[in-house]
Amino acid sequence: MTTRPHRNRRCQLSVPGSSEKMMQKAAGLGVDYVFLDLEDAVAPSEKRPSRKRIVDALNGLDWGRTTRCVRVNDLSTEYAYEDIIEVVEGARENLDLIMLPKAMSASDVQFVDKLLSMMEKKLGLKKRIGVDVLIEEVEAMMLVDEIAASTPRLECLIFGMGDYSASQGISVRDIGGGGGYPGDIWHYQRQRLTIACRANKIDAVDGPYADFRAPEVFREECRRAMTLGMVGKWAIHPSQVEIAQQVFSPKPEDVARARAMKKAYDEALAQGLGAVQYEGKMIDIASVRIVNNTIQKADRLGL
Ligand code: COA
Ligand code: MG
């Protein structure tokens with residue numbers, strides 16, 4: 001069995017593949033993950049020429065530690081298969097993942113998996129190309145469990161609230177905005193998708209928030225997604241990157257508390273106790289499981 005690589009996804013920055021200028025800017029931002037877009041950010045007339053622009057950016061720019069992904073067009077279009085072939089053949093090991101939008105079923109993801117397997121063999125690639133998938137149609141949300149389990153190549157599901165709003169008939173003014181709905185309009189979808197991801201040991205990521213001039217709303221959206229177990233959020237503008245990376249990194253005081261609680265529990269256990277008081281409240285092995293998630297995140301980020 002092949003194991004999935006761990007990648008940081010505190011922020012996934014969307015960059016139009018038609019814009020050499022924006023791709024150049026994206027390479028220098030120190031973001032965890034970028035995806036160079038061939039789908040909605042690129043007009044139909046620019047889709048074909050943008051494949052080469054993306055390959056040149058992947059091969060020519062210094063991306064540092066940033067994970068590099070390309071979002072291809074969905075499988076109902078005439079573009080998708082050539083998007084994958086041209087980008088993978090052109091960039092080879094300078095590409096980490098393909099992002100598939102508007103997946104409708106497990107077999108959509110399996111198609112991409114098989115195509116990539118054939119290409120990896122033909123090109124003799126040493127490194128496996130991962131797949132991240134957007135859940136943004138009501139049909140996909142209904143099948144999210146089987147999509148999450150579709151292939152070991154799948155690393156992450158993203159809740160894409162723009163297209164999803166259209167698909168469900170949700171009326172919000174801006175992509176990712178709450179539209180004045182009482183409570184959190186995305187509560188169910190975020191929960192649903194995150195449960196499917198956690199059960200299949202893949203990452204859950206929250207999609208875009210279009211109003212990039214409202215950083216405090218964006219921060220709150222990040223916080224909600226993080227609280228439910230999502231590991232990151234998209235950015236559509238450089239100004240959103242640092243906010244997301246901050247919110248999805250555990251705070252130093254939370255890491256210190258997590259380590260201290262685990263130590264106190266281990267000491268109690270050595271004395272034959274399963275439940276004890278900590279900061280005046282009950283803790284037991286479940287409390288330790290919760291803080292272990294914080295410790296694991298901190299260890300991975302070297303905090
Ligand atoms: N990636 C990299 N650089 C970006 C960027 C992005 N997503 N969005 C903006 N920039 C750059 C601009 O080129 C500009 O660079 P400069 O200072 O060197 O000139 C700088 O950041 C500031 O941009 P700003 O002037 O505030 O905005 P803009 O009018 O240039 O761009 C958008 C606004 C919305 C058109 C742009 O942010 C964008 O295209 N976002 C991504 C859209 C997308 O991918 N949608 C699909 C997924 S939902
Ligand atoms: Mg979409």
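This is a dialogue on how to read selected features of a predicted model.

Visitor: What should I know about the numbering and the model before starting?

Guide: Residues are numbered from 1 along each chain as its sequence is written, and chains are lettered from A and ligands numbered from 1 in the order in which they are written. The model is predicted, with local features needing pLDDT of at least 70, side-chain atom pairs counting only at pLDDT 80 or more, and totals for chains, interfaces and linings using all residues, while side-chain values use heavy atoms, leaving out hydrogens and water.

Visitor: Which domains is the protein divided into?

Guide: Domain bounds come from an automatic or database domain assignment. Here they give domain 1 (11-247) and domain 2 (252-301). Taken over C-alpha atoms, the centres of domain 1 and domain 2 are 34 Å apart.

Visitor: Is E136 buried or exposed?

Guide: Buried means under 20% relative accessible area, exposed over 50%, and partly exposed in between (1.4 Å probe, protein chains only). E136 is buried at 3%, whereas D163 is partly exposed at 24%.

Visitor: How many disulfides are there?

Guide: A disulfide is a covalent bond between the sulfur atoms of two cysteines. The rule used here is a pair of cysteine sulfur atoms within 2.5 Å, and the count comes to zero. For C11, the nearest cysteine sulfur is that of C222, 7.7 Å away. C197 has the sulfur of C156 as its nearest, at 6.5 Å. C11 is buried, with a relative accessible area of 0%, and C197 is buried at 1%.

Visitor: Which residues touch the most other members of the largest nonpolar core?

Guide: In soluble globular proteins, nonpolar side chains tend to be buried together. A nonpolar core is a set of buried Ala, Val, Leu, Ile, Met, Phe, Trp, Tyr and Cys residues joined through side-chain atoms within 4.5 Å. The largest one has 66 residues, and L36, V70, V88, L95, V133, I135 and L157 touch the most other members. Helix 4 (residues 106-123) gives the most to this core, with six residues.

Visitor: How do strands 6, 7 and 8 pair?

Guide: Two strands pair if DSSP finds at least two bridges between them. Strand 6 (residues 154-159) and strand 7 run parallel and are joined by four bridges; C156 has D203 as its bridge partner in strand 7. Strand 7 also runs parallel to strand 8 (residues 232-235), with two bridges, and V205 stands opposite G232. From strand 7 (residues 203-206), D203 and V205 point one way and A204 and D206 the other, and all are buried.

Visitor: Where is K102, which has a positive phi?

Guide: Most residues other than glycine have a negative phi. K102, not a glycine, has a positive phi of about 50°. K102 is in the loop between strand 4 (97-100) and helix 4, and is buried at 17% relative accessibility. E279 also has a positive phi, near 50°, and is in the loop between strand 9 (276-278) and strand 10 (281-283).
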